[in-house]
Amino acid sequence: MSNTIDPKIIDLIQNDSEDSLSQHLGIKFTKITKDCVEATMPVDQRTIQRFGILHGGASVALAETVASVAGWLNIDFERQAVVGLEINANHLRSVRSGLVTAIATPIKIGKLIHVWNIEIRTEQNELNCISRCTLAVIDRIK
């Protein structure tokens, strides 16, 4: 499998979030490669909890979003799909405003299992959350 990504695939990823959780949370992709997927998410009324800080569930949704896209880029997506098996997250710092950036990098890309490390950082590059997401590679149902 080539390391280059067809620009049409990048456009599809960028524009495929209409009427989705990603769109609702304001997630925007900023880097898309097979070994690093990066996206931002605003800390605003859509993503905060009642005490005015970034909701941990929003961070986990961001983490799984970048991991899933990264996993998808490393399979034969005409025959296969990736689905989440497990995700964990350690929330290390509260964030009240601005943007957070998630960066997914591979720990293991296997034929049946992928494990991705995701760091979520503030605009000041402070580590807000660290997450690990395990994906299963499955055959697509025809």
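The following legends describe close-up views of one predicted model.

Local features are given only where pLDDT is at least 70, side-chain atom pairs count only at pLDDT 80 or more, and totals for chains, interfaces and linings use all residues of this predicted model. Residues are numbered from 1 along each chain as its sequence is written, and side-chain values use heavy atoms, with hydrogens and water left out.

**View 1**
An open sheet is built from 6 strands in the order E1-E2-E4-E5-E6-E3, with antiparallel pairing. Strands E1 and E3 stand at the edges with a single partner strand each, so one side of each is left without a neighbour in the sheet. From one strand to the next, the twist averages 20 degrees. Strands (E, at least two residues) and helices (H or I, at least four residues) are DSSP runs, numbered from the N terminus. Two strands are said to pair if DSSP finds at least two bridges between them. Strands of a sheet pair through backbone hydrogen bonds, either parallel or antiparallel.

**View 1. Strand E2 and its two partners.**
Strand E1 (residues 28–33) pairs with E2 in the antiparallel sense over 5 bridges, and a hairpin joins E1 to E2 through 2 residues. Within this pairing, Phe29 stands opposite Ala39 in E2. E2 also pairs with E4 in the antiparallel sense, over 7 bridges; there, Pro42 stands opposite Leu99 in E4.

**View 2. Strands E3 and E6, with helix H3 across the sheet.**
The antiparallel pairing of E3 and E6 extends over 11 bridges. Ala89 has Ser131 in E6 as its bridge partner. Helix H3 (residues 56–72) lies across E1, E2, E3, E4, E5 and E6, and runs at about 145 degrees to E3. For such angles, axes are lines fitted to C-alpha atoms, for helices over the stretch in contact, and the angles run from 0 to 180 degrees between N-to-C directions.

Thr134 is found in strand E6 and is buried, with a relative accessible area of 14%. Apart from neighbours within four places in sequence, Thr134 is in contact (heavy atoms within 4.5 Å) with Val83, Gly84, Leu85, Glu86, Ile113, His114 and Val115.

**View 3. Arg46 and its salt bridge to Asp44.**
Arg46 lies in the loop between E2 and H3. The side chains of Asp44 and Arg46 meet in a salt bridge, at 2.7 Å from N to O. A salt bridge is a side-chain nitrogen of Lys or Arg within 4 Å of a carboxyl oxygen of Asp or Glu. Asp44 counts as buried at 18% relative accessibility, whereas Arg46 is partly exposed at 33%. Apart from neighbours within four places in sequence, Arg46 is in contact with Gln23, His24, Leu25 and Gly26. The C-alpha atoms of Arg46 and Ser68 are separated by 21 Å, and these residues are 22 residues apart along the chain.

**View 4. Further salt bridges.**
How many salt bridges are counted by this rule? The count comes to 4 salt bridges. One of the pairs joins the side chains of Glu126 and Arg93, at 3.9 Å from N to O. This pair links distant parts of the chain, 33 residues apart: Glu126 is in the loop between strand E5 (113–122) and strand E6 (127–139), and Arg93 is in the loop between strand E3 (80–91) and strand E4 (98–109). Glu126 is partly exposed at 32% relative accessibility, and Arg93 is partly exposed at 40%. The side chains of Glu119 and Arg121 also meet in a salt bridge, at 3.0 Å from N to O. Glu119 counts as partly exposed, at 26% relative accessibility.

Terms used. Buried means under 20% relative accessible area, exposed over 50%, partly exposed in between (1.4 Å probe, protein chains only).
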